[in-house]
Amino acid sequence: MSTVTWTKGIDPKTGKPVEYDATKDFQVYAEGNEVNADKRARRVCPDTAGGNNYWPATYSQKTKLIYIPGNEGCATVTPDYTAHVSGKFAGGTTTDAGRITSSVVAVDPATGEVKMRKDLPYPNFAGALSTAGGIVMTALLDGTIVALDDQTLEELWSINIGTGIDAPPMTYAVGGKQYVAVVSGRTFTIPLFLGPVGAKMVAASPEGGTLFVFELPTQ
């Protein structure tokens, strides 16, 4: 994330917040210990949709890198203690979620070093897929399926199918030919996590429900 609110910084040697104190059982970071007080509004980055959430990252045996899709953006979160009851999920309100974009970050799992980064214009709830042929596939909530070069993360090709996507790409082979399949048709609730921007996306992008299959070129 380009904006971090909960800590003053990350120690590049340890990967831990600079405020972290191993001698303490309770850690207090930049926002203080009253951060979750009832009705206390605060700006959080990433927003409540998550920076990197349940969607899968992908490891390439070819490049020995992990390609991690994540969302970029902030929101104002206000805890509501009356909402902390059975049957209610949110526990408060999320407002002022601005434009949420996404990225794919290539990381060396042996060192934790970020090798490359590709910024994308819309949120990503679909995850990523890497192939032995050098392609990293992902998909966005606006309906764009995109193929990236695994060495540079430059875009190889993309197509917008007209409906949002929150399912990960998958691959299979038949008769010696390799294919990538992506299911379209995002759920109604995911864009709503993105606040006003998500509401506009619901209106602009129908839920759909189609399987798209692409044949990969023979190497």
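The legends below describe an overview and several close-up views of one predicted model.

**Conventions.** Residues are numbered from 1 along each chain as its sequence is written, and side-chain values use heavy atoms, with hydrogens and water left out. Because the model is predicted, local features need pLDDT of at least 70 and side-chain atom pairs count only at pLDDT 80 or more, while totals for chains, interfaces and linings use all residues.

Overview. The chain has two helices and 14 strands, where helices (H or I, at least four residues) and strands (E, at least two) are DSSP runs numbered from the N terminus. Of its 219 residues, 43% count as buried, a term that stands for under 20% relative accessible area, with exposed meaning over 50% and partly exposed the range in between (1.4 Å probe, protein chains only). The chain exposes about 11800 Å², of which carbon and sulfur atoms supply 56%; accessible areas come from the Shrake-Rupley method with a 1.4 Å probe, and for residues only the protein chains shown count as cover. Among contacts (heavy atoms within 4.5 Å) with a separation of 6 or more, 51% come from residues 24 or more positions apart.

Close-up 1. Strand S10 spans residues 144-149 and is mostly covered, with five of its six residues buried. Five bridges join S10 to strand S9 (residues 135-139) in an antiparallel arrangement, two strands being paired if DSSP finds at least two bridges between them. Within this pairing, Val146 of S10 is the bridge partner of Thr138. The hairpin of S9 and S10 has four residues between the strands, and Gly143 takes a positive phi near 105° there. S10 also pairs with strand S11 (residues 155-160), again in the antiparallel sense and over five bridges, and in this pairing Ala147 stands opposite Trp157 of S11. The hairpin of S10 and S11 has five residues between the strands, and Leu153 in the turn has a positive phi of about 65°.

Close-up 2. Pro46 lies in the loop between strand S1 (42-44) and strand S2 (58-59), and it counts as partly exposed because its relative accessibility is 29%. Although Pro46 and Gly73 are 27 residues apart in sequence, their C-alpha atoms are 5.4 Å apart in space.

**Close-up 3. Aromatic pairs, with Trp6 and Tyr29 in view.** A search of the whole structure finds five aromatic pairs. The ring centres of Trp6 and Tyr29 are 5.4 Å apart and the planes stand at 85°, so this pair is edge-to-face. Trp6 and Tyr29 both belong to the segment before S1, 23 residues apart. Trp6 counts as partly exposed at 34% relative accessibility, and Tyr29 likewise counts as partly exposed, at 26%. Rings of Phe, Tyr and Trp (its six-membered ring) pair if their centres lie within 6.5 Å, and planes under 30 degrees apart count as stacked, over 60 as edge-to-face and the rest as tilted.

Close-up 4. Trp157 and Phe214 form a tilted aromatic pair, 5.3 Å centre to centre with 45° between the planes. This pair links distant parts of the chain, since Trp157 sits in strand S11 and Phe214 in strand S14 (residues 211-215), 57 residues apart. Trp157 is partly exposed at 30% relative accessibility, whereas Phe214, at 16%, counts as buried. Elsewhere, ring pairs link Tyr54, Trp55 and Phe125 into a cluster.
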